[in-house]
Amino acid sequence: MRTESITERLDTAVATLERHGQAHLTDGLESVGTSDLESFVTQVESIDFAEIATLTSVGASAGSIPEDLQPAPVIPRHPEGEDGFRAAGEAMIRRGEIAAFTVAGGQGTRLGWNGPKGTFPSTPITGKPLFRVFAEQLNAIDERYEIETPWYLMTSPLNDAATRAFFKDNNHFGRNPASLLLFPQGVMPAVDDHGRILLEAPGVIAVSPDGHGGSLRALARSGALDHAASRGVRHLSYFQVDNPTVHAIDPLFIGLHATHPASSGEMSSKMVPKIAAGEKVGVFCSVAGRTQVIEYSDLPTEHANATTEDGSLRFIAGSIAIHVLAVDFIGRVTSEKSETSMPFHHARKKVPFWNPENRETVVPTEPNGTKFEMFVFDALEFVKKGLVYETDRVEEFAPIKNADGGDSAESSGRLQTERAARWMESAGLKIARNDDGTVNGRIEITSATALAAADLAGQLCPEFSPGGDLLF
């Protein structure tokens, strides 16, 4: 608990700003009230000015594409020894060694939704919010393996309070609050072309989230890693909030991550084959024998369009932001004493700022500042052997990012129905389909009914009427 007065803290903050050449941030403070002044001081106290100075002195972080860039080796969907790897993963789950980690800092603005993205209605019939979809998965996993799975959710400063209220209003979806840790993502200040931190308003520093890679730092700084270690958790199943078909805890993937010879058990990833050379997803590659992700915007056209003898894309392994990471590994790459620190990427953006000369907010029409963010896949740089496992797009990648078109609630709903239909067909049921092969109707299978297609084997499933809705 702080004992200094706000005046003492302000004096210290001003001295810090002067020492680091950022004294302009005090412009306009004379018009700021006491509560806003305290918020400003808190912002200043949270900034690592030495880190900002280093970032602004090194310039853009994007490096050149290595000459020895190769496609990353990929473990097929049904690897040799599949049952053994699945059994190994199930044993780890049963021992309580696995926790779920959801990156949930996004707002639903692009979806036309006023609230955290995790509160968005996502399923094709019942419209369950994304948070409920994941909670019901974890509830089913806990019942199956007779455990209590910790669940870590990274929010953002913008949606943290609303997310907490949503969980409380929904009785935490049946989860034990003691095993449910929410913590906000870190932020980084935006700087102008001279390395000066920008003001959003008098007493308000312009900041933005530090990227999904910042989730690892947030885990460490929030105490979530310590909580995981105290519970005996050894690995975290990482996924982003906008994908309702993700397997929150996948026994086979966990077993591969922990026991396959191609994995060092530090960080493993899932991929889906790209549907086209220009699909906007990062690509898993191999550089000097190590796995890394090259962003679609950085992959040279000749690499993106390269094909194999059978005509398929050579660089085909698309990243879908599903990983398993060892708790010890996260601790290592986020330790302040570590020599292995994840890099920040520099993004030129149009950053609105307050101009003290005319005391007005400027909304630029051209990029005027730099924002800093981390990418979680950059942690692969420090992995001895990073396993990449292929999954099916219909089975596990139906993101909701846009209001309409691709990656929308509508397209996700179709994929969710298609997955449910395939599960039912694998159990021997007849599903009515249209001439183009799409399902004639909507189907939604709850996690309490099945977590995977194999769970429907031997179940008495209801009949599906063409053109209707089926929920079970």
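Guide: Cys461 counts as buried because its relative accessibility is 13%; buried means under 20% relative accessible area, exposed over 50%, and partly exposed in between, with a 1.4 Å probe and protein chains only. Cys285 has 0% relative accessibility, so this residue counts as buried too. The number of disulfides is zero, where a disulfide is a pair of cysteine sulfur atoms within 2.5 Å.

This is a predicted model, in which local features need pLDDT of at least 70 and side-chain atom pairs count only at pLDDT 80 or more, while totals for chains, interfaces and linings use all residues. Residues are numbered from 1 along each chain as its sequence is written, and side-chain values use heavy atoms, with hydrogens and water left out.

Of the 472 residues in the chain, 51% are buried. Helix 7, residues 214–222, supplies some of them: Gly214, Ser215, Leu216, Arg217, Ala218 and Leu219 are buried. After helix 7 comes Gly223, with a positive phi near 95°.

A cavity is a set of points, on a 1 Å grid over the protein atoms alone, where a 1.4 Å probe fits but cannot get out; lining residues have an atom within 4 Å of a point. Across the whole structure, one cavity of 30 Å³ or more is found. The largest cavity holds about 290 Å³ of space, a volume being the space filled by probe spheres set on the points, which are joined across faces, edges and corners.

The lining of the largest cavity consists of 21 residues, and Val133, Pro244, Arg419, Ile445 and Ser447 lie nearest its centre. Helix 5 (130–145), helix 13 (409–426) and strand 20 (442–444) each give two or more residues to this lining. Helix 13 gives the most, four residues. Helices (H or I, at least four residues) and strands (E, at least two) are DSSP runs numbered from the N terminus.

By class, the lining of the largest cavity has 10 nonpolar, seven polar and four charged residues. Here Ala, Val, Leu, Ile, Met, Phe, Trp, Tyr, Cys and Pro count as nonpolar, Asp, Glu, Lys and Arg as charged, and the others, Gly among them, as polar.

Definitions and conventions. On a 1 Å grid over the protein atoms alone, a cavity is a set of points where a 1.4 Å probe fits but cannot get out, and a pocket is an open set with protein on both sides within 12 Å along at least five of seven lines; lining residues have an atom within 4 Å of a point.
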